[in-house]
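The sequence and the structure come first, and the notes follow by topic.

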Amino acid sequence: MKKLIDKLHKTRGLEPAEFKELINNRCPELSEYLFAKARAVQTENYGQDVYIRGLIEFTNYCKNDCYYCGIRKSNVKAERYRLTKEQILQCCAMGYELGFRTFVLQGGEDGHYTDERMTDIIRAIKKNHPDCALTISIGEKSYDTYKAFFEAGADRYLLRHETANEEHYGRLHPQQMLLKNRKQCLYDLKKIGYQVGCGFMVGSPFQNTDCLVEDLMFLKELNPHMVGIGPFIPHHDTPFAGEKAGDLELVLFLIGIIRLLLPTVLLPATTALGTIYPEGRELGILAGGNVVMPNLSPKDVRKKYLLYDNKICTGDEAAECRHCLQGRIEKIGYKIAVTRGDHILLKGKT
Ligand code: 5AD
Ligand code: FES
């Protein structure tokens, strides 16, 4: 198996059957071998820097009904909220003081935020913070809408593909949602010029190794700037309430693989990873990750943006998370970088 890791390291890819073999034969010793290589590649490209993104969860209204997600429209128990433009700008101002140079506006697919409202918010943030990168993450939109956001100043877009296997996609989403559309969105975003992030959940119901292999092949094909992966975690008011959560070891193993597959990719150690295991984010960095995305949302709305149960940091202020993370990252020998944290091949471009 180490030979497969060597090949992946050298050629930045494997055949589907090889990926399958590697994933199915993982063990602690093999993981350590993989993580050491992944850390070396991470350090070659980004040194010991870990990039922070300030996450602002600005609406939990959503027109979609994904079976796994706590803010799906059928969840009548979710207490819905929206942040005003002023509240969003306040979050950014506070984040800037704390050393954030990039903000992620994330929300459900909420019709209240028309193109006009969104572009107005985007312009205002970029006007107040011209030295910051702005990421949008509000789901599937038309080419023209993505273009309008980009022209208003958005730099990056996150849209997880969730699973690259069509049948599996159909078992996680109602039939109006199509993998084909999601992939088209990702290609549109790249064409427009965004730094693009895709990603998937690990251990979602009905997922098998073949699905994960397809995810990896899709990553190689799309060649995104960012990849967000984390464990699936059940939410008590969804159809998947009784399912079991994704596995820590498998998430870490995939982070290591992705670091070798796409050496310069920006790869977060996600909040979900920190939720299934107390040091999950640290282990994510040590497996090849190089980004963390602490929450900048106002404290009183945090518990309402509950995609899954037991989400961490919902009772903490932004400043507390910022300092907590600094301690955690330094403890494992890395440091938080006060920069936009652009993809290495794009540095210098704004
Ligand atoms: N468990 C883990 N991740 C989830 N997401 C949504 N619901 C869950 C869940 N129950 C992830 C999806 C989405 C991102 C914002 O959060 O991958 O793209
Ligand atoms: Fe939020 Fe530790 S990162 S409290």
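Two strands pair if DSSP finds at least two bridges between them. Helices (H or I, at least four residues) and strands (E, at least two) are DSSP runs, numbered from the N terminus. The model is a predicted one: local features need pLDDT of at least 70 and side-chain atom pairs count only at pLDDT 80 or more, while totals for chains, interfaces and linings use all residues. Residues are numbered from 1 along each chain as its sequence is written, and chains are lettered from A and ligands numbered from 1 in the order in which they are written.

**Overall form**

- The chain has 14 helices and 9 strands.
- Its radius of gyration, taken over C-alpha atoms, is 19 Å, close to the 20 Å that the globule rule gives for 350 residues, so the chain is as compact as a globular protein of that length. The globule rule is 2.2 Å times the number of residues to the power 0.38.
- Along the principal axes, the C-alpha atoms fill a box of roughly 55 × 40 × 40 Å.
- A residue is buried if 20 or more other C-beta atoms lie within 10 Å of its own, exposed if 12 or fewer, and partly exposed in between, with C-beta atoms placed from the backbone. By this count, 46% of the 350 residues are buried.
- Two residues are in contact if their C-beta atoms, placed from the backbone, lie within 7 Å. Among contacts in the chain with a separation of 6 or more, 78% are between residues 24 or more positions apart.

**The sheet of three strands**

- Strands β8, β1 and β9 form an open sheet in the order β8-β1-β9, and the pairing is parallel.
- β8 and β9 stand at the edges with a single partner strand each, so one side of each has no neighbour in the sheet.
- Helix α14 (residues 318-331) packs on this sheet and touches β1, β8 and β9; its direction makes about 125° with that of β9. Axes are lines fitted to C-alpha atoms, for helices over the stretch in contact, and angles run from 0 to 180 degrees between N-to-C directions.
- β1 is joined to strand β8 (residues 291-292) by 2 bridges, and the two run parallel. In this pair, Ile52 stands opposite Val292 of β8.
- Strand β1 (residues 49-52) also pairs with strand β9 (residues 335-337), in the parallel sense and over 3 bridges. Here the bridge partner of Tyr51 is Ala337 in β9.

**The sheet of six strands**

- A further open sheet has 6 strands in the order β2-β3-β4-β5-β6-β7, with parallel pairing.
- Its edge strands are β2 (54-59) and β7 (226-231), each of which pairs on one side only.
- From one strand to the next, the twist averages 20°.
- β2 and strand β3 (residues 102-107) run parallel and are joined by 5 bridges. Leu55 has Val104 in β3 as its bridge partner.

**Helix α5**

- Helix α5 (residues 115-128) has 14 residues, which at 1.5 Å a residue should span 20 Å; its end C-alpha atoms are 20 Å apart, which agrees. The expected span is 1.5 Å times one less than the number of residues in the helix.
- Met118, Ile121, Ile122 and Ile125 are buried in α5. Seen down the axis of α5, the buried residues fall within an arc of 100°, so they line one face of the helix. The arc is that of the directions from the helix axis to the C-beta atoms.
- Glu116 and Lys127, on the other side of α5, are exposed.
- The cover over the buried residues of α5 includes α4 (85-97), β3, β4 and α6.

**Residues in loops**

- Ile138 lies in the loop between β4 (133-137) and α6 (143-152). Ile138 counts as buried because it has 21 C-beta neighbours inside 10 Å.
- Apart from its neighbours within four places in sequence, Ile138 is in contact with Gly107, Glu109 and Tyr113. The C-alpha atoms of Ile138 and Leu159 are separated by 7.7 Å, with the two residues 21 apart along the chain.
- Glu162 is in the loop between β5 (156-158) and α7 (166-172). Its phi is near 75°, a positive value in a residue other than glycine. Glu162 counts as buried, with 23 C-beta neighbours inside 10 Å.
- Asn223 is in the loop between α9 (209-222) and β7. Asn223 is not a glycine, yet its phi is positive, at about 55°. Asn223 is exposed, with 11 other C-beta atoms within 10 Å.
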